[in-house]
Amino acid sequence: MRHIPHRLAAPVLALALAATGLGALTLGTAAPAAALGNGNALTPPMGWNSWNSLGTEVTEDQVVQTIDFMAANGLVAAGYNTVTIDDGWSLWHRDGQTTDLVRNADGAMQLYDTAGNPVAGTDGTGTDPTSGHLIPRPDHFPSQTVNGRTVNGIEYLAQYAHSKGVKFGLYATDTYLTCQMHPGSLGHESTDAGDFVSWGVDYVKYDDCPYGPQITGPDGHNYYTQGEGKELTRSVYARVQTFQHALDAASAAQGRPKVTLSVSAQPAHTGVPYLLAADDPARTDPVVQAAGTAPFQAPGYAPTGVWCGQVANLCRIGGDRDSELDGVLWNGQLQTALQYPGNVRPGSWNDLDMMFTGWQDVYGAWGTTDTCTCHKPFTDDESRTETSVLAMLAAPLVSGADLRTAAQSQHSADGHTWSTGIDAASLAVLKNRDVIAIDQDALAKPATLVGAKPANATAPVVLQRRLANGDTAVLLVNQDPAASRTVSTSLGELGLTGPGYTAKELWTGASSTVTGTLGASVAPHGVALYRLSARPATGPAAVVDDGRYHAIGAGGSSGLVLEVAGTCSSPLGAVADVNTWWPTHTSEQWTFTSNPDGTVRITDNCATATHAHTVLAAGTDPGNSAYLLDYSPGNRWQEWRVTQDGATGTLTVTNVATGLVLNARTGTAGSTVTTDAADGAAPGQGWGVVS
């Protein structure tokens, strides 16, 4: 939610965090839900949004300049492949009206009863009388002729973006008004979704901006501003879901690709429980119910990190940020993001708002006509810190900088002239391929905190992130804005047991060998970001003869584990596959037991008529399925050698009869496990102990 002025007041944000329980780092008990599943955003989206630099007055020419700059300066090639126009692109009425929207004294849209009389709407009643389609502002987005056909300015920009290999995004809201009081999409979901799809929109930023008076309920509690009408009777969850379904329906009807949906709802919106409709889907959603709802809140509002990934691809988990780095550090959104790792998976990502890396003050000549700390541009160290934190959290990388040339981005005011265009150093930060690779890593597991929570706002923070190829990313953060600090951790704290690791610092490119302590002197508000790769070292696997059943996960499969396909009720001779891990499924539990000759048999934990602790066997040729049979002593196809990388803990499982290696070849749920020739670059041949 972005009301002018640009900055969200700190007391409001603090109130929001307190109301949602985000001040304490407590993990919910709900199991991760399925992601939206529209096939989009399988890695964190990357791109640009107009708001931070161009605000409500963004124009067609400026967007064209931005697309051209991104393509010419390597940003599109680096993965920043989406440009999005934020709030303010439409007129203040739909084409079914002759005048702008009527608003009441609280700034909300005026609602009416069935007799046409104005109502306050704060009891959840009231009707939106507007109709028709959204209209791009003709002075900002004039119509153009393309191939002999006249198209509006938004459709023209979508076509222009596509011609440059760029996706196009547009802003809308699940409320009656947008944050800047243009028409919202609440009640007009099918119309707006159909228009967006027909215009060629690939990505929608969907905000939540309820206007109205403070609401004091019959319980005496002040719920503050939560909106009116359907904003009170339908949860954010429900309103987003309605629009998402409308987008999918429009895409199907028009034969176009599905649209990526980014929810920008704010944690300040907690709902009014007694007004929420009885049939609201958030009331019965198992993930929402399992997580619980705080007192004086309604299900399906804050916190979005609980449920958002089920109805959208990107999920804002905190308030608006400005160009103060604290917004992305521990006392900002970092600790909030760490609370919701279950919302991070292919197709669902926690969003920490647009980036300020490379952003320059648009409100005045910084240090001359404007000295507000909320508008102070980042130092290069701070830009590297913001980008590193987002990459470690697998967050979307959406730049808010002015991605145009110095001449195109020139401003003049109060006798001063300055440019807001991004500089070369900031461009280099955004395009660092090693850092982008951390953000886009296929394992899709966000960072975790190493050690205790920081004692205060300037204490160091250490994060680690497991990567798909078995490497570990480690981020050393100096939160102190005034002094350099030595920040360190150890292999033991990181849970790495190998004899040594190669550590590449991703901002300098320097490499070193780490055998115990990893540390660096870090500049104020700076970071050191390392990628640790195990030095080759293998040995007997610790799981052999430990007397326990284990789940083992296939590398490159986003957490899928080895199972008896069809579970324990399948017939004898069933193949093995990889599937979603459930701690209670005995078909996904295996024990590793030494045979007299030192080989290993791998036995399932099934106890049924068809699978009574059957053992894993291999076929004779590469690509044959691994399958389950009753144990036959001395059968070499049922015997395995299980070795473990001492640095990463990765298991390699090799069949004794064939010399072929157990392999999750495709790494997708339900795919059959095979045995294939050993290939150190094949992620599916590396298995991790999950439990």
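Are Asp402 and Arg404 buried or exposed? Both Asp402 and Arg404 are buried, where buried stands for under 20% relative accessible area, exposed for over 50% and partly exposed for values in between, computed with a 1.4 Å probe on protein chains only.

## Basis of the model

This is a predicted model, in which local features need pLDDT of at least 70 and side-chain atom pairs count only at pLDDT 80 or more, while totals for chains, interfaces and linings use all residues. Residues are numbered from 1 along each chain as its sequence is written, and side-chain values use heavy atoms, with hydrogens and water left out.

## Salt bridges

The structure holds 19 salt bridges, each being a side-chain nitrogen of Lys or Arg within 4 Å of a carboxyl oxygen of Asp or Glu. Among them, Asp402 and Arg404 pair at 2.8 Å, N to O, and Arg316 pairs with Asp320 at 3.0 Å, N to O; Arg316 and Asp320 are both buried.

Arg485 and Asp480 form another salt bridge, at 3.3 Å from N to O. Arg485 counts as partly exposed because its relative accessibility is 27%, whereas Asp480, at 11%, is buried. Elsewhere, salt bridges with shared partners join Asp174, Asp208 and Arg239 into one network.

## Helix α6

Helix α6 (residues 189–199) is largely enclosed by the rest of the structure, because 8 of its 11 residues are buried; helices here are DSSP runs of H or I with at least four residues, strands are runs of E with at least two, and both are numbered from the N terminus. The buried residues include Asp192, Phe196, Val197 and Trp199.

Their cover includes α5 (153–163), β7 (167–173), β8 (203–207) and α8 (236–254), with contact taken as heavy atoms within 4.5 Å. After α6 comes Gly200, which has a positive phi near 95°.
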